[in-house]
Amino acid sequence: MKWEDNVRKVVPYVAGEQPNKANMIKLNTNECPYPPAPGVRKLAEEMDYDKLRLYPDTDSTILVKELADYYGVKPSQVFVGVGSDDVLATAFVTFFDSGRPILFPDITYSFYDVWADLYRIPYIKCALKDDWHLDVEAFKQPNGGVIFPNPNAPTGLFEELSTVEEILEANRDVVVIVDEAYVDFGGESCLPLLEKYDNLLVVQTFSKSRSMAGLRIGFCIGSEKMIKYLNDVKFSINSYTMNMPSQVMAVEAVRDDAYFKSVTAKIIATRERVKKEMEELGFTFPDSKTNFIFASHKTVPAKEIFEALREQDIYVRFWNKERINNCLRITIGTDEEMDTMLGFLRTYLKDR
Ligand SMILES: *Cc1c(COP(=O)(O)O)cnc(C)c1O
């Protein structure tokens, strides 16, 4: 026997690249192009570095309370983690332990099958319909749990709450996780459905709409019972997940609701304008309710456009995967960044 026979072998998730060039335009990982709320900057500048000697609050009490107040739930219904990836990974290991396959869309956040493989959770990928909306009927087959993003990534499509509820109604005996990473860009949260479904877990993040990807802050809201189970698992792995500066700065970001709303409104306005211009350039795409557009060109292959943009230090996301290998996921940046990209595409596409 070799030691390698005892290794838990996994195929890891591949994140979008993080190049670090002076004048690059980075539209490949759905970060926010605007800085966090001004109060966050003040906290960063005035932080008492001596406090870094101490362990952070294991319960992230102030942040949990702030989020509970903001979303109108009890603190015992909120769980926070190091980005929503941490929250989702903890939820997978906590709630998907039946041995039955869990269900998620075939085209979706590509971390779901990685966690499922890591934790030895069987799964079935439910094919999206031709219009790239969820096929609700597929989510009615026997299963050990359900997860999907709403709006979905990378399609950008939002499902109406009646659709979410139909899936919940068909799956009352398993946990249903709705990953709302992009809900602040024009979708509608399914949080109100918590009153009716104690098996629903709603996951959100500070990485996209709150401009704080670098601090790694995510959270979820569910029934008190579910949150207790999540905490039991968390405190069995690592009690001190979220660091102290993140806890304090996240509270400030939630408090400045006016700034949050102005940033998301700005991104939505840019997105709607970019949609029109991309249509004129011959792109087609699902009607995004997120901070990205998932676009195909009518004649030029996505891979070629991806490489041409990359040469200009304009980074977008491209997957060489079945069904989506002619699509580019383009994050909405500032108006100026989008104009540079559109300007290049205008010339590039004309010359072809
Ligand atoms: C970005 C993203 C996440 C993870 O975000 P964190 O930075 O870990 O909070 C989760 N789900 C989806 C669908 C995402 O796009």
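A residue is called buried under 20% relative accessible area, exposed over 50% and partly exposed in between, with a 1.4 Å probe and protein chains only as cover. The model is predicted, so to speak of local features requires pLDDT of at least 70 and to count side-chain atom pairs requires pLDDT 80 or more, while totals for chains, interfaces and linings use all residues. Residues are numbered from 1 along each chain as its sequence is written, and side-chain values use heavy atoms, with hydrogens and water left out.

**The whole protein**

The C-alpha trace spans about 60 × 55 × 55 Å along the principal axes. Of the 352 residues, 53% count as buried.

**Two domains**

Next, colour residues 3-35 + 258-349 as domain 1 and residues 51-255 as domain 2; these bounds come from an automatic or database domain assignment. Their C-alpha centres lie 24 Å apart. Between them, 33 residues of domain 1 are in contact with 33 residues of domain 2, where contact means heavy atoms within 4.5 Å.

**Thr-58 and helix α2**

Select Thr-58, in the loop between α1 (38-46) and α2 (61-71). Which residues does Thr-58 touch, not counting those up to four places away in sequence? They are Lys-234, Phe-235, Ser-239 and Tyr-240. Tyr-240 is 182 residues from Thr-58 in sequence, yet the two C-alpha atoms are 5.1 Å apart.

Continue into α2, where Leu-63, Val-64, Glu-66, Leu-67 and Ala-68 are buried. The buried residues of this helix pack against β2 (78-81), β8 (218-221) and α7 (244-255). After α2 comes Gly-72, with a positive phi near 70 degrees.

**Backbone exceptions**

Most residues other than glycine have a negative phi, and most peptide bonds are trans. Select Trp-132, in the loop between β4 (123-126) and β5: its phi is positive, near 70 degrees. Trp-132 is buried, at a relative accessible area of 15%. Ser-211, in the loop between β7 (200-205) and β8, also has a positive phi, near 60 degrees. Its relative accessibility of 12% makes Ser-211 buried.

Now show the loop between β5 (146-149) and α5 (161-169), which holds Pro-151. The bond joining Asn-150 and Pro-151 is cis, with omega about -5 degrees. Pro-154 lies in the loop between β5 and α5 as well, and the peptide bond from Ala-153 to Pro-154 is cis, with omega near 5 degrees.

**Tyr-348**

Finish in helix α10 (residues 335-350), where Tyr-348 is found. Is Tyr-348 buried or exposed? Its relative accessibility is 17%, so Tyr-348 counts as buried. Leaving aside neighbours within four places in sequence, Tyr-348 is in contact with Val-300, Glu-304, Ile-305 and Ala-308. Ile-305 and Tyr-348 are 43 residues apart in sequence and 8.7 Å apart in space, C-alpha to C-alpha.

Methods
Helices (H or I, at least four residues) and strands (E, at least two) are DSSP runs, numbered from the N terminus.
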